[in-house]
Amino acid sequence: MSSSAETQESRGDVFKWAIVVLLTATAVVGNNYFSAESLLYRLIAVLVLAGIAGFVALNTAKGRSFAKLAKEAKTEIRRVVWPTRQETVQTTLIVLAVVIFMSLVLWGVDSLLGWIVSAVIG
C-alpha cells in the first residue's frame, strides 16, 4: 500500500471513529435527556444508535481486524476439546476437597499461633 493510500484510509478512519463517538455520545445524552419517556422507547433508540455505531466502527481498519479476530476465535473454539460432564464434576470435587483441606490446615496453624502468642503475652 502506498503512503498516500494509508493516509487517505487513516483520515477516513479518523472521520468514521468521530462518527462513532458522536453516535455514542448522542445515545448517552439522549437517554438522559428523555429520561421521562418510556424505558422501551429509550432502549430501542440506544440499540439503534449502537447498531449504527457498530456498523460504522466495523468499516474501519481496526474494526475489520477485530471482525477477523472474532471470526478466527469462533473457528478456534470449535477445535477445543471440551471436558465431559464426568471430568468436570471430578475436577470440581478435587478442587473443593483441596480448598477444604487447606482451609482446615490454615485454621489449625492460625489457632496454634494464636495459642502460642496468648501464652507468651498473657
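Thr 60 counts as buried because its relative accessibility is 0%, where buried means under 20% relative accessible area, exposed over 50% and partly exposed in between, with a 1.4 Å probe and protein chains only. The model is predicted: local features need pLDDT of at least 70, side-chain atom pairs count only at pLDDT 80 or more, and totals for chains, interfaces and linings use all residues. Residues are numbered from 1 along each chain as its sequence is written, and side-chain values use heavy atoms, with hydrogens and water left out.

Where does Thr 60 sit? Thr 60 is placed in the loop between helix H2 (39–58) and helix H3 (61–79). Apart from neighbours within four places in sequence, the contacts of Thr 60 are Asp 13, Lys 16 and Trp 17; contact means heavy atoms within 4.5 Å.

Let us turn to the whole protein. Its secondary structure consists of four helices and zero strands, in the order α-α-α-α along the sequence. Helices (H or I, at least four residues) and strands (E, at least two) are DSSP runs, numbered from the N terminus.

The radius of gyration is 28 Å, whereas a compact globule of 122 residues would have one near 14 Å. That radius is taken over C-alpha atoms, and the globule rule is 2.2 Å times the number of residues to the power 0.38. Along the principal axes, the C-alpha atoms fill a box of roughly 75 × 45 × 35 Å. Of the 122 residues, 8% are buried. Among contacts with a separation of 6 or more, 60% join residues 24 or more positions apart.

Finally, I turn to confidence. The mean pLDDT, the predictor's confidence in each residue from 0 to 100, is 91 for the protein, and 93% of the residues score at least 70. Where pLDDT is low, predicted coordinates should not be read in detail.
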